Amino acid sequence: MLGVDIDPARISDAYWHLRKILREHSGSSSTKIFKEEVKEKLNASKLIAHVVPRDDKETKKDSSFSETRNLFDVVSFRQENFVDSRHSHEKQYDTILCLSVAKWIHLNWGNDGLITLFSKVWKLLVPGGTFILEPQPWDSYKKNYQVSKTAAEHYRNIMFPPDSFREILLDKIGFRSVEDLTAGLAGSKTGFNRPIFAFHK
């Protein structure tokens, strides 16, 4: 599982929450058996986390260390500009999530940036893979386009409003079907009552 964000502060927050989960999961008894040392390095746009045992023999006796180590093996985070970066399509994913992100890519990289996002996601998904998208509504664009001159310029030239994303992803990008995951759900937190769609490749 890989999380990507252009903001290094968000990557640091993500690792902080991951360590918190591990501490809560291991419990006080586990800390008597092994010592966790997590080192973070933000180097070449990558944050690396290591878990180091106190003693190899004790580690073998404690299954919780194995669980901790394995979690760091399967969960990672990377600072990256997804739109501008180059990806090898040899590695593909079953599911890609894009939650509360499309608007910012649209405002900062324009129409071309949005289409690049959708195209890259499609290429990075395995056949039958799923793209989970939470598009922000047009009113949200109106509230945020003045954050920079670039965003304001792109806002004035937007060709694809959020209500056209479904058509673009199905007819232009190549996804075969879509479902509204939030249809019929109630009790959403105020301010985040937005539809979430699952597009299937």
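Does serine 100 count as buried, partly exposed or exposed, and at what relative accessibility? In this predicted model, serine 100 counts as partly exposed, because its relative accessibility of 24% lies between the cut-offs of 20% and 50%. Serine 100 belongs to the loop between S5 and H4. Its phi is near 55°, a positive value in a residue other than glycine. Most residues other than glycine have a negative phi.

**Overall description**

The chain has 201 residues, of which 35% count as buried. Its secondary structure comprises seven helices and eight strands. Among contacts with a separation of 6 or more, 72% are between residues 24 or more positions apart.

The average pLDDT is 78, and 71% of the residues score at least 70. Over residues 28-65, pLDDT stays under 50; for this segment the model has 54 contacts beyond four places in sequence.

**Strand pairing**

Strand S8 (residues 197-200) is covered on both faces. Phe197 and Phe199 lie on one side, Ala198 and His200 on the other, and all of them are buried. S8 pairs with strand S6 (residues 125-134) and with strand S7 (residues 177-180).

Strand S4 (residues 76-79) has one covered face, formed by Phe77 and Gln79, and one uncovered face, formed by Ser76 and Arg78. In a regular strand the side chains alternate between the two faces of the sheet. S4 pairs with strand S1 (residues 2-5) in the parallel sense, and arginine 78 of S4 is the bridge partner of valine 4.

| Strands | Sense | Bridges |
|---|---|---|
| S1 and S4 | parallel | four bridges |
| S6 and S8 | antiparallel | four bridges |
| S7 and S8 | antiparallel | four bridges |

**The largest pocket**

The largest pocket has a volume of about 1,400 Å³. It is lined by 39 residues, and those closest to its centre are Leu2, Gly3, Val4, Asp5 and Leu97. The elements that give two or more residues to the lining are S1, helix H1 (8-31), S4, strand S5 (93-99) and helix H4 (102-124). By residue class, the lining divides into 22 nonpolar, nine polar and eight charged residues.

Arginine 166 lies in helix H7 (residues 165-173), while Phe197 and Phe199 are on one side of S8. The C-alpha atoms of arginine 166 and phenylalanine 199 are 8.6 Å apart, although the two are 33 residues apart in sequence. Arginine 166 is partly exposed because its relative accessible area, 40%, falls between 20% and 50%.

Serine 140 is found in helix H5 (residues 138-144). Serine 140 is buried because its relative accessible area is 9%, under the cut-off of 20%. Serine 140 and lysine 103 are 37 residues apart along the chain, and their C-alpha atoms are separated by 8.1 Å.

Key: Residues are numbered from 1 along each chain as its sequence is written. This is a predicted model: local features need pLDDT of at least 70, side-chain atom pairs count only at pLDDT 80 or more; totals for chains, interfaces and linings use all residues. Side-chain values use heavy atoms; hydrogens and water are left out. pLDDT is the predictor's confidence in each residue, from 0 to 100. Contact means heavy atoms within 4.5 Å. Buried means under 20% relative accessible area, exposed over 50%, partly exposed in between (1.4 Å probe, protein chains only). Two strands pair if DSSP finds at least two bridges between them. On a 1 Å grid over the protein atoms alone, a cavity is a set of points where a 1.4 Å probe fits but cannot get out, and a pocket is an open set with protein on both sides within 12 Å along at least five of seven lines; lining residues have an atom within 4 Å of a point. Grid points are joined across faces, edges and corners, and a volume is the space filled by probe spheres set on the points. Ala, Val, Leu, Ile, Met, Phe, Trp, Tyr, Cys and Pro count as nonpolar, Asp, Glu, Lys and Arg as charged, and the others, Gly among them, as polar.
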